[in-house]
Amino acid sequence: MVPQDLISLVETGFAMHLDGIHGRAHWARVRANGLRLAELTGANQRVVEFFAILHDSKRLNDGRDPRHGARAAEFARGLLGSLVDLSGAEFELLHYACAYHTSGMTEADITVQTCWDADRLDLGRIGIMPDPRRLCTDAAKEASTIERAYFQSRKQEL
């Protein structure tokens, strides 16, 4: 479980509106998507949960911000051993997942793939149906998974 102190820190430093398209509700849906997928993929759930909170934490705007993932990864590095309580191997997965989550890649460790899919499944919040060709895991590519995630993100609910 991600410490509440980390969530508070991310909220305090968030450059945009917390109720916007990259804010709290998005983080919650990414977490829910990721944990559902992790049950099927065997991904590390702790990494998935930290990813959900941190991956967009250093966005400067809701538009094009190609370095936000790298900034989030370095932000997480500064918290390693305190608010980010992960082993070295777990942290490397988190760092990679954050740094490259908008790169369009689909090949990586299963935990990283699960993180990326959890985020990509929430595209309905901006009116985009997730494309299975851009998803990584078989679990995420299932039509029922995509439909469920799309419905939830369009309704802005969990």
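The model is predicted, so local features need pLDDT of at least 70, side-chain atom pairs count only at pLDDT 80 or more, and totals for chains, interfaces and linings use all residues. Residues are numbered from 1 along each chain as its sequence is written, and side-chain values use heavy atoms, without hydrogens and water.

**Stop 1: two helices.** Select helix 2 (residues 24-41) and helix 6 (residues 110-120), whose axes lie 8 Å apart at an angle of about 140 degrees. Helices are DSSP runs of H or I with at least four residues, numbered from the N terminus. Next, display the contact (heavy atoms within 4.5 Å). Among its residues are His26, Val30 and Leu37 of helix 2 and Ile110, Thr114 and Ala118 of helix 6.

Stop 2: The structure holds 10 salt bridges, each a side-chain nitrogen of Lys or Arg within 4 Å of a carboxyl oxygen of Asp or Glu. Select aspartate 122 and arginine 29, whose closest N and O atoms are 2.6 Å apart. Aspartate 122 is in the loop between helix 6 and helix 7 (138-141) and arginine 29 is in helix 2, so this pair ties together parts 93 residues apart in sequence. Both residues are buried. Buried means under 20% relative accessible area, exposed over 50%, and partly exposed in between (1.4 Å probe, protein chains only).

**Stop 3: a pair between helices.** Select arginine 46 and glutamate 90, which form a salt bridge at 3.7 Å, N to O. Arginine 46 belongs to helix 3 (residues 45-54) and glutamate 90 to helix 5 (residues 88-99). Glutamate 90 is buried at 16% relative accessibility, whereas arginine 46 is partly exposed at 34%.

Technical notes. Axes fitted to C-alpha atoms, helices over the stretch in contact; angles between N-to-C directions.
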